[in-house]
Amino acid sequence: MAALSVPVLAGVVLLLLGCRGPGATGQRRKEMVLSEKVNQLMEWASKRSVIRMNGDKFRRLVKAPPRNYSVIVMFTALQPHRQCVVCKQADEEYQILANSWRYSSAFTNKIFFAMVDFDEGSDVFQMLNMNSAPTFINFPAKGKPKRGDTYELQVRGFAAEQLSRWVADRTDVHIRVIRPPNYAGPLMLGLLLAVIGGLVYLRGSNLDFLYNKTGWAFAALCFVLAMTSGQMWNHIRGPPYAHKNPHTGQVNYIHGSSQAQFVAETHIVLLFNGGVTLGMVLLHEAATSVMDVGKRKIMCIAGIGLVVLFFSWLLSVFRSKYHGYPYRY
């Protein structure tokens with residue numbers, strides 16, 4: 001009885017091993033493929049923070065399973081003949097973010113940064129039904145990208161800090177953005193202080209110019225116009241200068257949403273506000289000046305014309321952003 005049980009037991013063991021064999025082999029094969037993919041990405045990331053991909057690399061390393069890492073991909077069009085100014089600006093911020101992650105002490109293989117240029121991977125654009133650039137998409141470690149995995153560029157801008165917050169929200173990887181030193185600000189401040197110091201030194205005996213109301217009024221007016229046009233919003237959000245459709249070539253300088261704006265839009269609004277202000281100044285001078293009546297009439301007509309013209313343009317901008325805005329000239 002005992003002699004018969006040994007062959008039977010051995011047969012059962014072999015049968016179990018045989019049943020598990022294909023599954024175990026498949027699992028080992030899956031682990032080997034995943035290890036090869038991670039090693040390949042780590043090797044590329046050690047040479048370049050943003051990995052450039054074509055269609056084959058994208059399908060093999062980003063789309064195809066297995067994958068236990070997230071990939072942030074910027075779809076762009078950087079070739080000069082595409083004339084995508086926004087793509088170049090977004091690429092600079094994207095490089096800053098990727099470098100901040102690559103050279104941080106927390107760097108792991110949990111997340112990689114990649115790029116697909118239209119001229120190198122147009123098939124990828126077609127596969128994803130994409131018709132605009134730049135676009136940022138997070139391909140999570142498990143499953144397919146959801147709605148929130150596509151970055152809202154026109155709403156949040158492409159500043160590295162904004163991208164970092166989005167990456168943290170989608171991957172739980174917190175990246176501290178480290179920018180290269182920029183000496184433009186300190187140099188401009190030093191130049192301004194030098195000019196003021198030079199004026200004080202040259203006119204030390206007569207500082208009446210510091211009490212010049214017109215000068216201070218002009219400086220305050222410039223500051224107010226800059227702030228009301230949205231310059232601070234640009235500084236915080238880092239929006240693109242304008243948007244160019246890569247297919248039609250049409251350039252939009254005014255954002256179609258009330259929740260975002262372009263840099264060019266702030267310049268346009270600044271110009272319109274300046275025109276309205278100049279018109280109001282001319283009207284005030286026409287009413288209070290001691291010049292002859294003829295010149296005062298000219299100033300009055302010019303002031304009214306400037307106010308009507310530029311304010312009507314301002315209303316047209318509001319109507320394009322706030323759809324259904326009821327007022328117009």
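Reader: What percentage of the 329 residues of the chain count as buried?

Author: Two conventions come first: this is a predicted model, in which local features need pLDDT of at least 70 and side-chain atom pairs count only at pLDDT 80 or more, while totals for chains, interfaces and linings use all residues. Residues are numbered from 1 along each chain as its sequence is written, and side-chain values use heavy atoms, with hydrogens and water left out. Buried means under 20% relative accessible area, exposed means over 50%, and partly exposed lies in between (1.4 Å probe, protein chains only). On that scale, 34% of the 329 residues count as buried.

Reader: How many helices and strands does the chain have?

Author: Helices (H or I, at least four residues) and strands (E, at least two) are DSSP runs, numbered from the N terminus. The chain has eleven helices and six strands.

Reader: Which strands pair with β3?

Author: Two strands pair if DSSP finds at least two bridges between them. Strand β1 (residues 50-52) runs parallel to β3 and is joined to it by three bridges; within this pairing, Ile 51 has Ala 114 as its bridge partner. Strand β2 (residues 70-76) also pairs with β3 in the parallel sense, over seven bridges, and here Thr 76 is partnered by Asp 117. Between β2 and β3 the chain passes through helix α3 (residues 85-102), forming a right-handed β-α-β crossover. Right-handed here means that, with the strands pointing away from the viewer, the path from the first strand over the helix to the second runs clockwise.

Reader: Are the residues of β3 buried or exposed?

Author: Seven of the seven residues of β3 (residues 111-117) are buried. Both faces are covered: Ile 111, Phe 113, Met 115 and Asp 117 lie on one side, and Phe 112, Ala 114 and Val 116 on the other.

Reader: Which residues is Phe 125 in contact with, leaving aside its neighbours within four places in sequence?

Author: Contact means heavy atoms within 4.5 Å. Phe 125, in helix α4 (residues 122-127), is in contact with Phe 75, Thr 76, Val 116, Asp 117, Phe 118, Met 130 and Ser 132. Phe 125 and Phe 75 are 50 residues apart in sequence, yet their C-alpha atoms are 7.9 Å apart in space. Phe 125 has a relative accessible area of 5% and is therefore buried. For the chain, residues 24 or more positions apart account for 67% of the contacts with a separation of 6 or more.

Reader: What does the side chain of Thr 135 reach?

Author: A polar contact is a pair of N or O atoms within 3.5 Å; within protein, one must be able to donate a hydrogen and the other to accept it, and residues adjacent in sequence count only if both atoms are side-chain atoms. The side chain of Thr 135 reaches the backbone oxygen of Ser 132 at 3.2 Å. Thr 135 belongs to strand β4 (residues 135-139) and counts as buried because its relative accessibility is 14%. Among the residues that Thr 135 touches beyond four places in sequence are Val 73, Phe 75 and Thr 150.

Reader: Which cysteines does a disulfide join?

Author: A disulfide is a covalent bond between the sulfur atoms of two cysteines. The rule applied is a pair of cysteine sulfur atoms within 2.5 Å, and by this rule the count comes to one. The disulfide joins Cys 84 to Cys 87, S to S 2.1 Å. The torsion about their S-S bond is about 70 degrees, so the disulfide is right-handed. Cys 84 is buried at 9% relative accessibility, and Cys 87 is buried at 0%.
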